[in-house]
Amino acid sequence: MNQNDPAIRTRQLTRRFGALTAVDRVSLEISRGEIFGLVGPDGAGKSTTLRLLCGLLDSTEGEAWVAGCNVARETQAVKDRIGYMAQRFALYGDLTVEENMVFYADLFGIAANERKDLMARLLHMTRMEMFRERAAAKLSGGMKQKLALMCTLLHHPEILFLDEPTNGVDPVSRRDFWAILYQLVKEGVTVFIATAYLDEAERCNRIGLMHQGVLIRCDSPDALRKQLGQRSYEIECPHPRLARALLRSLPGVSGVEPSGATLHLFLEPDRISVAAVREALDAKGLGPVRLLEIPPSVEDVFIALIERAEAGGWMPESETRSQKQSHPMATVLEAPENSWSVEVDHLVRKFGDFVAVDRISFSVRPGEIFGFLGPNGAGKSTAIRILCGLLAPSAGRARVSGFDVATQAEAVKQHIGYMSQKFSLYDDLTVEENINFFGGIYGIPEPLRAERREAVLQMAGLREKRTTMARLLAGGWKQRLALGCAILHQPSILFLDEPTSGVDPIARRVFWDLIYRLSDEGRTIFVSTHYMDEAEYCGRLALMYRGRIIALGAPAELRAAPRSHSLMHLESSAVLESMTALQAASGILDVAVFGGGLHVTVAEPAEGAERIRRILESSGIEVKRLERIPPSMEDVFVAMIEEEERSLK
């Protein structure tokens with residue numbers, strides 16, 4: 001392959017499945033050593049595009065060249081030069097980490113004298129040396145992804161294709177995963193990644209946005225932000241939910257999204273001014289305490305561009321972000337007589353000698369949205385299953401809706417809705433049949449069942465899909481159906497265990513809009529999540545690690561908590577080289593890619609800034625921007641976990 005040739009090039013690449021055009025005349029070029037991100041809603045054509053480029057599917061029309069080879073005519077040559085990690089990479093649960101790697105080394109035909117050093121290097125790069133004898137089935141989600149990546153890298157690919165590799169993986173593991181990708185890029189590997197995490201898209205050199213098989217935009221994250229054509233603001237006000245309802249009704253307001261105790265507001269500047277927003281809030285006694293313009297995120301750009309492509313028609317029942325409907329299920333619930341919906345006191349759950357939940361205590365108020373955060377294996381799902389009456393506690397007490405989970409588990413189940421991590425409905429039933437089935441399971445009287453079914457279909461925007469088989473629904477639609485079935489019996493408390501894992505950003509925002517409506521009706525929402533932006537939607541958060549709660553409070557309180565270090569945002573002329581230089585330097589506590597720059601953790605900001613400049617200037621790297629910043633929720637999450645790990649050493 002000529003060094004000046006693009007790593008990947010397509011011309012009018014098309015793939016049809018019968019009448020469906022999954023990939024529609026896609027033309028692009030990706031340079032060697034580039035990290036290219038492909039984003040789009042469920043069903044956009046991302047996975048099909050990757051499979052076309054990897055020679056796993058034949059194109060209907062057009063051509064593609066990968067690593068200098070024509071994919072259609074030189075398929076085997078392409079496969080010899082690439083690595084491909086599918087969404088469901090095949091690991092063998094009963095084999096150890098090392099045995100899985102040996103198996104794939106055999107498949108790739110790697111000589112015995114080569115594989116020992118190669119495997120040792122990959123284990124060191126991924127910090128998996130101490131787990132080489134652990135069975136793959138006993139690894140956490142993040143570790144499984146690292147093992148899959150190691151197996152993919154065994155034959156030294158020139159180009160690495162990754163199809164949503166970090167779905168369901170916690171932020172600490174995702175940072176580790178991206179650090180590995182940047183190391184590979186420094187070694188000359190080109191990375192093509194499809195992802196549902198828009199903060200990951202920020203870390204790519206360029207992003208391609210797909211919709212209905214069409215590549216509608218392709219540019220750097222910064223360039224895409226400039227194309228947005230709307231301004232974004234953060235509003236802090238005394239009554240955010242009331243303010244949100246008012247703002248969504250104003251012409252020129254293209255979106256209002258909750259973020260903890262604040263709102264993110266999107267304005268079309270030629271249609272409405274900031275002054276008009278202030279006047280509207282003041283007129284209703286909802287005047288903002290603070291209104292600050294903020295840069296739009298890549299997720300904001302993503303959603304705005306998709307909405308333009310859809311001309312406002314993507315929302316259920318023709319609902320747009322600036323509209324709000326009433327729903328027949330919107331009955332305001334009476335708060336329970338006791339002052340807490342959930343009360344947990346020194347709760348413990350053991351599996352043999354393993355302590356999965358270790359003396360946790362907290363309470364949740366009626367109508368509150370309470371978030372559970374923590375890395376894979378922290379104990380979140382186990383705790384939720386105890387609170388749902390599905391597991392008995394080993395010690396301690398918990399009451400849900402006033403009922404003891406240990407002695408009144410059946411009463412608990414009658415008063416809650418539960419949505420598990422995995423789609424738990426029936427694939428071989430239609431949407432309507434699933435709703436009918438769960439209506440019967442919950443014992444809803446026949447006269448009420450039809451009324452509740454119609455209410456769920458309207459709430460979730462599923463009326464036009466009522467006869468669709470559940471297995472044919474995209475991820476976001478499946479989640480809405482699962483939520484609808486969970487609230488058929490109108491429970492006062494909803495437990496949602498990572499409900500949006502692997503769902504695209506548009507579907508996630510629609511889903512959270514439904515959650516806010518349910519909360520507005522008085523329902524208590526208890527949700528676990530790996531998405532840090534979703535953590536901001538919660539009123540309070542509990543951070544779990546190794547079975548214990550290590551932090552509890554509102555998102556703003558956790559971000560504002562005093563810390564022994566400071567966070568600096570760095571933008572330079574060479575991100576990868578900056579990362580390498582700073583990681584090797586003393587006095588730098590941590591370096592992580594964030595957006596198009598780096599987040600650098602130092603002990604003291606003034607001395608740290610001077611040290612960073614000195615290190616980079618001595619390496620011939622220009623510092624374009626360096627400033628102290630408040631930590632994001634992800635920064636807080638990672639820092640707390642790392643502090644906890646250091647204290648345990």
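Call a residue buried when its relative accessible area is under 20%. With that in hand, take a look at helix H12, which runs over residues 380–387 in this predicted model. Helix H12 is mostly covered, with 6 of its 8 residues buried.

Which residues of H12 are buried? They are Lys380, Thr382, Ala383, Ile384, Ile386 and Leu387. Carry on just past the end of H12 and you get to Gly389, which takes a positive phi of about 75°.

## Strand S1 and its two partners

Now for strand S1, residues 8–17. It pairs with strand S2 (residues 20–30) in the antiparallel sense, over 7 bridges. Phe17 stands opposite Leu20 in this pairing. S1 and S2 make up a hairpin with 2 residues between them, and Gly18 in the turn has a positive phi of about 65°.

S1 also pairs with strand S4 (residues 61–66), again in the antiparallel sense, this time over 5 bridges. Here you'll find Thr10 opposite Ala64 in S4.

## A nonpolar patch on the surface

Over on the surface, Tyr92, Phe103, Leu107 and Phe108 come together as a nonpolar patch. Between them they have about 370 Å² of accessible area.

Phe103 belongs to helix H3, which covers residues 97–108. Is Phe103 buried, exposed or partly exposed? Phe103 counts as partly exposed, because its relative accessible area is 31%, and that class lies between under 20% for buried and over 50% for exposed.

Terms used
Residues are numbered from 1 along each chain as its sequence is written. This is a predicted model: local features need pLDDT of at least 70, side-chain atom pairs count only at pLDDT 80 or more; totals for chains, interfaces and linings use all residues. Side-chain values use heavy atoms; hydrogens and water are left out. Patches are made of residues with over 30% relative accessible area and no salt bridge: like charges are joined within 9 Å, nonpolar side chains (Val, Leu, Ile, Met, Phe, Trp, Tyr) within 5 Å. Accessible areas come from the Shrake-Rupley method with a 1.4 Å probe; for residues, only the protein chains shown count as cover. A salt bridge is a side-chain nitrogen of Lys or Arg within 4 Å of a carboxyl oxygen of Asp or Glu. Helices (H or I, at least four residues) and strands (E, at least two) are DSSP runs, numbered from the N terminus. Buried means under 20% relative accessible area, exposed over 50%, partly exposed in between (1.4 Å probe, protein chains only). Two strands pair if DSSP finds at least two bridges between them.
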